[in-house]
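Colleague: I have the coordinates open and would like to go through them with you. Could you take my questions as they come?

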Amino acid sequence: MPLNIDFVQILLHVLNFVILAGGLTLLLFKPVSKFMRERRERFEKEARENAENAAENERLKAEYEEKLANVDEEIRELKTAAEQEAAEAAKNYLESAKQRGDEMIHAAEQEAEARKSQILESAHTEISELVLSAAQKLVEDTEDEERTHALYDAFLLQEEEALRRRRKA
Amino acid sequence: MDLSQKKGRTVFMIVWGALIVLIIAAIIAIGLPSGKSETIKEAMKDGVLHEENKVSFFGLLVNPAVVSAYVITGVLLLCAALIRIFAVPRFKDVPGKFQSVLEKLVEFFEDMARGNSPHKTPVVAAYIFSAGVYIFFSTLFELFGIQVIAENGHSIALPAPLSDINAAIAMGFLSYLFILLAGIIVNGVKGGLRVLKDFSLPISMSFRIFGALLSGLLVTELVYYYTALSFVVPVIVGVLFTILHAVIQTYVLATLVSVFYGEAVEPVQSKKDKKQRKE
């Protein structure tokens, strides 16, 4: 062959390169390439997760801030409601106290009235008993003639006096 | 203090100068080295054709490039295995220096594959990674200048495998077959035809890499042939024709393979779209 071209040697070179290519691919290229790919994928995944986490954090933060703002509002509302309630309760209490007081006063008045009438009645009875006993005494006393006359005279005098006063008037 | 410093420098200068003179004298005394057993014409011709200095490879008489190729494969696979066993399990999220280099290497080929061939990227990425590593290290391999004894008794330095036309043809045709196969698997007959219309690709790929590396080999051979050129010049030549070639050829082949692969596995479009794309 011209130029010393030799097919056996060409095939030997081909065989050599096939062995080399297979070995290098298996031993060096694939492991390194795989390592790099996995690292890149892991980093990309981490970056993605970080971005997601950041967004989530941002969202939570906004949510909390909103909640905090709402909490102020809520506290104010609750406070107002509590104040109103307290005022209401105080008012109710006062009213009920007043009502009870009125009732008590009323009851006391009634009781006093009852007592008064009772006392009057008892006084009445006593007076009549007194009058009765006095009358009885008087009747017992009239057994003396002289004294009866004197009593009549005195009575008549008294009546006359009273009559005169009435006329004058 | 000042005096002793001055003295030390003087001693150094004298020793250095004496050493240089001694070496030059030795070279002149010995005359041209034993490499002269073959003339420069023979050496250059053998550099291109490898007709003379055959090496035994498991009983088969082959060009030294075959031995180079297998040595490189062995060393690279060993290194890869060691890296796989000891380095890869200890990879960290924040890479160290060594891990950074490995990652950068893989990333470079992956990015190139992705850029040139957005469809079915992983396969071509692995292929151009392997091809790139092979071309780069096999070209640098020349720098080590490992000596072997040829069948005819000459001592020769193992060349870069791809400076042998057989290795270059193997590389070019294998890459073409890889692209063709990918085209057929992904797009059926249409994909295969698409690749076949670039029938000149394997030849151009083969001879590009062969020519590039051979030029380096010839210049290096020329430089080393003359002892007088063995000072300083090999450093420049070595850098120019070895390291730069290693990088450039790796880049070129990886780009070409990924571009043509990308075209082969691209989803089949209508004729109008195709025309527009070509323009």
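Colleague: How many residues of chain A are in contact with chain B?

Modeller: In this predicted model, 26 residues of chain A are in contact with 36 residues of chain B. On the chain A side of that contact, the residues divide into 17 nonpolar, 7 polar and 2 charged.

Colleague: And what is the make-up of chain A itself, in helices and strands?

Modeller: Chain A has 2 helices and 0 strands, and of its 169 residues 11% count as buried.

Colleague: How many helices and strands does chain B have, then?

Modeller: The secondary structure of chain B comes to 9 helices and 4 strands, which follow one another along the sequence as α-α-β-β-α-α-α-β-β-α-α-α-α. Of the 279 residues of chain B, 35% count as buried, and among the contacts in chain B with a separation of 6 or more, 71% are between residues 24 or more positions apart.

Colleague: Which residues touch the most other members of the largest nonpolar core?

Modeller: That core has 68 residues, and the ones touching the most other members are Leu24(A), Ile128(B), Phe129(B), Leu162(B), Ile179(B), Ile209(B) and Val257(B). The elements giving two or more residues to this core are helix H1 (7-141) of chain A and, from chain B, helices H3 (64-87), H4 (97-116), H5 (121-144), H6 (165-196), H7 (201-225) and H8 (233-265). The largest share, 13 residues, comes from H6(B).

Colleague: Take Ile128(B) from that list; what is it in contact with, leaving aside its neighbours within four places in sequence?

Modeller: With those neighbours left aside, Ile128(B) is in contact with Phe109(B), Met112(B), Ala113(B), Ala254(B), Val257(B) and Ser258(B).

Colleague: On to helix packing: at what angle do H3(B) and H5(B) pack?

Modeller: H3(B) and H5(B) pack at an angle of about 115°, with their axes 10 Å apart, and their crossing is right-handed. From H3(B) the contact is made by Ser68(B), Ala69(B), Ile72(B) and Leu76(B), and from H5(B) by Val133(B), Phe137(B), Ser138(B) and Phe141(B). By class, this contact of H3(B) with H5(B) has 6 nonpolar, 2 polar and no charged residues.

Colleague: Which residue other than glycine has a positive phi near 50°?

Modeller: That is Lys120(B), whose phi is near 50° and which lies in the loop between H4 and H5 of chain B. As background, most residues other than glycine have a negative phi.

Colleague: Why is Lys120(B) classed as partly exposed?

Modeller: Lys120(B) has 17 other C-beta atoms within 10 Å, and a residue counts as buried at 20 or more and as exposed at 12 or fewer, so Lys120(B) is partly exposed.

Definitions and conventions. Residues numbered from 1 in each chain as written. Chains lettered and ligands numbered in written order. Predicted model: local features only at pLDDT ≥ 70, side-chain atom pairs only at ≥ 80, totals over all residues. Contact = placed C-beta atoms within 7 Å. Nonpolar A, V, L, I, M, F, W, Y, C, P; charged D, E, K, R; others polar. Core = buried A, V, L, I, M, F, W, Y, C linked by C-beta atoms within 7 Å. Axes fitted to C-alpha atoms, helices over the stretch in contact; angles between N-to-C directions. Left-handed = near helix turned anticlockwise from the far one by under 90°.
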